[in-house]
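Dear colleague,

Please keep it open beside the text as you read.

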Amino acid sequence: MTSGTEVEAPTQRSLRKADRRAAILDAAAALFAARGYAGVTLDELGAAVGVSGPAVYRHFPGKGAVLAAILVDASRALLDGAERVLAVDATPEAALRALIRFHVEFAVGDADVIAVQEREVTQLDPAARHEMRTLQRTYVEHWVGVLDRLRPDLAEEELRVRAHAAFGLMNSTPHSARTPGRRPAATTIRGILEEMTWASLMS
């Protein structure tokens, strides 16, 4: 018997369920990015992860819930990551460079998620959209706080504009990192985006 303060270890079943959920979200992000939210059925989504369409309902109540999970989970992961970065005792410059590296890593690795948000955010139900926007606003304010320590000569409103412009640059990966034909390696793309983002914020 466990005490009320002990946390039970995850079971194999719960781990498999979590893995399946993650696989569904990864497949959905790729399909929604390629064909649009309206162009993908639950049967096609299930087939992409090796299950029937109805089996998806074991993890999500419907296709709208899948979309919400993609976008809300991404926003929460960004906020959690930023807070981990800022928990480290570092100079403002080091903190900003770490935030940039963190966001660029997300943008390169999750370009499908960025594409889905660009095109399909209006498909979210109001509650999910509000949750996503709340998480994103808090994320932005973390950036503004660091920028304020580096650029006390600028008004907060300008710092916020700079942060949003930097996100636009870093979140260009569905286009800039996927151009047809030959393109640089992912490490080169990361370096370019990090350098350009730093320059845009500190100019």
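**Rings and charges**

The charged end of Lys-63 sits over the ring of Tyr-37, at 4.3 Å from the ring centre, where "over" requires NZ of Lys or CZ of Arg within 6 Å of the ring centre and within 35 degrees of the ring normal. Likewise, Arg-97 lies over the face of Trp-198, 3.8 Å from the centre of the ring.

Please note that this is a predicted model, in which local features need pLDDT of at least 70 and side-chain atom pairs count only at pLDDT 80 or more, while totals for chains, interfaces and linings use all residues. Residues are numbered from 1 along each chain as its sequence is written, and side-chain values use heavy atoms, with hydrogens and water left out.

There are 4 aromatic pairs in the structure (rings of Phe, Tyr and Trp, the last by its six-membered ring, with centres within 6.5 Å; planes under 30 degrees apart are stacked, over 60 edge-to-face, the rest tilted). One of them joins Phe-32 and Tyr-37, whose ring centres are 5.3 Å apart with planes at 70°, so this pair is edge-to-face. Phe-32 is buried, at a relative accessible area of 1%, and Tyr-37 is buried too, at 12% (buried means under 20%, exposed over 50%, partly exposed in between, with a 1.4 Å probe and protein chains only).

The rings of Trp-143 and Phe-167 have centres 5.1 Å apart and planes at 80°, so they are also edge-to-face.

Best wishes
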